[in-house]
Amino acid sequence: MNSKSITLGILRATGIMIGIILLLYFLYEIQSVLVYIAIAAVISLVGRPVVIFLRQRLKIPNQLSVVLVLILVLSIFAGIILVFVPIVIEQSQYLSRIDMDAFRSDLNELNNQVNNYLGVEEINLIEGLKQSEFIRNFDISAVPTLLNNVFSILGATLIAIFSILFISFFLLKDSKLMLNSILVFANRGDEQKFQRVFNKIKILLSRYFVGLTLQITVLFVLYAILLSVFEINNPIAIAFICAFLNLVPYLGPLFAGVLMALFVISSNLGADFQLIILPKLGYIMLGYAICQLIDNMISQPMIFGASVKSHPLEIFLIILIAGIIFGITGMVVAVPFYTALKVIAKESLSEYKIVKRLTRDL
């Protein structure tokens with residue numbers, strides 16, 4: 001090997017490294033677009049069965065079926081906004097009329113009742129809030145900047161909604177659009193293998209996201225009924241937030257339970273802690289635990305067993321590892337990513353015993 005070939009090898013390797021770095025930088029810069037595409041892909045996976053139903057059973061043209069599905073998605077999104085906006089306005093009006101002296105008295109009274117019930121040394125909540133770093137460092141001049149940020153977020157949200165709907169339309173309209181985009185990266189002669197992998201991943205993930213949507217819907221209904229029975233303020237909004245948090249495996253239900261408990265306490269602020277707040281909190285937390293049992297024993301086995309074909313312990317370990325490495329985002333995307341990885345491994349590495357064992361049900 002002469003010096004010229006060595007030099008060419010070094011230059012080639014350097015060029016490849018620079019290309020990889022530039023590609024990663026480019027992907028980082030367009031991460032919002034990648035998020036739009038990912039969300040649109042999820043919408044297309046969930047909406048595809050509806051489009052097929054409208055087209056084959058009701059004989060509705062393909063484009064009209066796609067438009068109807070997107071209108072349904074928009075209606076759901078608008079419904080969520082219509083639920084939350086009046087609540088925000090109502091709470092803003094309530095806060096503008098609130099008697100701060102009475103609120104301070106109720107807060108201290110609740111604090112005293114809790115301290116007496118638990119038998120702990122008295123802690124002054126108001127003084128604790130006054131000594132907090134946020135209150136001491138709060139700068140009223142930051143309000144205009146905050147408003148500018150709010151309007152910027154609103155503008156970015158509108159752009160995101162339009163982009164997602166636009167991409168979703170074409171993904172739903174042409175079921176082969178995503179496949180053809182992926183086949184660009186396939187070597188000549190490997191197109192059939194890529195197509196098999198893509199179709200299998202699409203079927204499994206479609207079942208998974210449809211099942212996940214059903215899971216969130218069932219939890220939302222159960223939470224709404226539970227909170228309405230005990231006359232908690234804004235039960236629909238609280239139920240939706242707590243159900244939506246279940247998208248984060250394992251940690252989501254814990255956060256949702258704590259959030260529901262805080263809403264229960266705030267809805268009964270000023271009432272007797274031992275006679276009213278504590279019993280009502282206990283009943284609601286018992287109902288919440290029953291809802292979680294229904295979810296764990298019925299909904300999740302249906303999703304993980306029938307859709308992604310993975311053992312519960314296998315799923316738990318994957319979510320745990322993804323959470324340690326990538327945080328909350330990793331926990332959310334762990335199951336669909338692992339499912340896609342299993343399908344690819346079965347097609348490409350089926351000669352290995354561990355791959356054969358993990359993918360035997362696919």
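Reply: A nonpolar core here is a set of buried Ala, Val, Leu, Ile, Met, Phe, Trp, Tyr and Cys residues joined through side-chain atoms within 4.5 Å. The model is predicted. Its largest nonpolar core holds 19 residues, and the members that touch the most others are Tyr223, Leu227, Ile232, Cys242, Met260, Ile284 and Tyr288. At least two residues of this core come from each of helix 9 (191-229), helix 10 (235-244), helix 11 (251-267) and helix 12 (273-306). Helix 9 is the greatest contributor, giving 6 residues.

Tyr223 illustrates the surroundings. Leaving aside residues up to four places away in sequence, Tyr223 touches Ala239, Cys242, Ala243, Asn246, Met260, Tyr288, Cys291 and Gln292. A second, separate core comprises 17 residues, among them Val197, Leu204, Met331 and Ala340.

Helix 9 also packs against helix 2 (residues 31-56), at an angle of about 85° and with the axes 9 Å apart. Because angles of 65 to 115 degrees count as roughly perpendicular, helix 2 is described as roughly perpendicular to helix 9. On the helix 2 side the contact involves Val42, Leu45, Val46 and Pro49, while helix 9 contributes Lys202, Leu205, Ser206, Phe209, Val210 and Thr213. Classified by type, this contact has 7 nonpolar, 2 polar and 1 charged residues.

The unreviewed UniProt entry lists residues 34-54, 208-230 and 315-341 among its "transmembrane region" annotations. Residues 34-54 are 100% helix, with end C-alpha atoms 29 Å apart. Residues 315-341 are likewise 100% helix, but their end C-alpha atoms lie 13 Å apart.

Note on methods:
Residues numbered from 1 in each chain as written. Predicted model: local features only at pLDDT ≥ 70, side-chain atom pairs only at ≥ 80, totals over all residues. Heavy atoms only, no water. UniProt positions renumbered as here; feature names shortened; annotations may be inferred. Helix = DSSP H or I, 4+ residues; strand = E, 2+ residues; numbered from the N terminus. Buried < 20%, exposed > 50% of the residue type's maximum accessible area, 1.4 Å probe, protein only. Contact = heavy atoms within 4.5 Å. Axes fitted to C-alpha atoms, helices over the stretch in contact; angles between N-to-C directions. Parallel < 35°, antiparallel > 145°, perpendicular 65-115°, else oblique. Nonpolar A, V, L, I, M, F, W, Y, C, P; charged D, E, K, R; others polar.
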